[in-house]
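Dear colleague,

Please find below the structure that I am passing on to you for your work. My notes on it follow directly after.

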Amino acid sequence: MHKKTTPNIEKKPSSLRYFQEGPSDINLKNWKLKISGEVSNELSISYDDILKLPKSYFHRRSVCVCLWSIKRHWEGVLLSDVLALAGVDKNDDKLFMKQISHPTDKGVYDSTVHLSSALKRNAILAYEVDGEILKSEQGFPLRFLDFGLFLYKCVKSVSEIKITRENKLGYWEDYAGYDLDGTIQPKRYYAVDLHKKFYFDGNGEVFDHDIE
Ligand SMILES: Nc1nc2c(c(=O)[nH]1)N[C@H]1C(S)=C(S)[C@@H](COP(=O)(O)O)O[C@H]1N2
Ligand SMILES: [Mo]
């Protein structure tokens, strides 16, 4: 197994700077991911059961609406594999997915994404970054990532996934007025790992060829 490092990681903005409800105190013995709402089989999955699903590796770029981005080594499971256990109609384009964080004394963080789009973009639930288990400020034990959306749409320490027919404002959208859809927009961004600015001329996930 090659060592997974992200260049210039010391230049990355602190995880705590963008962590509104703060790190949570989680005991994996009783932690469960609940999947509820418009599913045929509501269920709660333990961490061990998540680890038993096929593990995938992704080297993909995530982007913060505050104009920085970073390409890191993520490992975890495909959202589609987890949702298959609960029986979700992945072709129903009227469905949304609300992600709700583990509560802390500061509250909960949430965001809602368009489900079939997230599945088409191979959204993931990650439990490792750069070859290590997530730290609490990084979203231990499980964090949602849809690389076509700004990071405020991707909830750390997710404890519940609710399939809904409503696209509701989430924490940051409500508080800071961010766009509800959250698709990554054409703008000038800073790539922490490359230590350079680039202009992204598209909509959605940023690939290497977009940076040239
Ligand atoms: N639970 C939770 N998830 C969250 C946030 C948060 O405040 N709480 N902030 C989001 C925002 S705005 C960003 S930029 C990223 C930061 O992720 P990082 O720690 O990997 O940099 O987490 C996202 N997910
Ligand atoms: Mo962000």
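**Salt bridges across the chain**

The side chains of E205 and R60 come together in a salt bridge, with 2.7 Å from N to O. E205 sits in the loop between β12 (196-200) and α5 (208-211) and R60 in strand β3, so this pair ties together parts that are 145 residues apart in sequence. E205 counts as buried, at 13% relative accessibility, and R60 is buried as well, with a relative accessible area of 11%. Please bear in mind throughout that the model is predicted.

By the rule applied, the count comes to 14 salt bridges. Another of them joins the side chains of E128 and K55, at 3.1 Å from N to O. This pair links distant parts of the chain, 73 residues apart: E128 belongs to strand β7 (residues 124-129), while K55 is in the loop between α1 (47-52) and β3 (56-64). E128 counts as buried, at 13% relative accessibility, whereas K55 is partly exposed, with a relative accessible area of 44%. Both residues also belong to a network of salt bridges that links K4, K55, E75 and E128.

A further salt bridge is formed by the side chains of E173 and K153, at 2.8 Å from N to O. E173 lies in helix α4 (residues 171-176) and K153 in the loop between β9 (143-145) and β10, so parts that are 20 residues apart in sequence are tied together. E173 and K153 are both buried.

**A buried glutamate without a salt bridge**

E160, in strand β10 (residues 158-164), is buried yet has no salt bridge. The side chain of E160 does make a polar contact with the side chain of S36, at 2.8 Å. Leaving aside neighbours within four places in sequence, E160 is in contact with L33, K34, S36, K98, Q99 and I100.

**Ligand 1**

Ligand 1 is surrounded by 17 residues, of which the closest are S15, Y18, Q20, E21 and K156. A polar side-chain atom of K12 lies 2.7 Å from an oxygen atom of the ligand, and a backbone N or O atom of Q20 lies 2.6 Å from an oxygen atom of ligand 1. A polar backbone atom of C154 is 2.8 Å from a nitrogen atom of the ligand. Taken alone, ligand 1 exposes 530 Å², and the protein buries 98% of that.

With kind regards

Note on methods:
Residues numbered from 1 in each chain as written. Chains lettered and ligands numbered in written order. Predicted model: local features only at pLDDT ≥ 70, side-chain atom pairs only at ≥ 80, totals over all residues. Heavy atoms only, no water. Helix = DSSP H or I, 4+ residues; strand = E, 2+ residues; numbered from the N terminus. Buried < 20%, exposed > 50% of the residue type's maximum accessible area, 1.4 Å probe, protein only. Lys, Arg positive; Asp, Glu negative; His and termini not counted. Salt bridge = Lys/Arg side-chain N within 4 Å of Asp/Glu carboxyl O. Polar contact = N/O pair within 3.5 Å; in protein donor to acceptor, adjacent residues only side chain to side chain. Contact = heavy atoms within 4.5 Å. Near = heavy atom within 4 Å. Areas by Shrake-Rupley, 256 points an atom, 1.4 Å probe, with all protein chains shown as cover.
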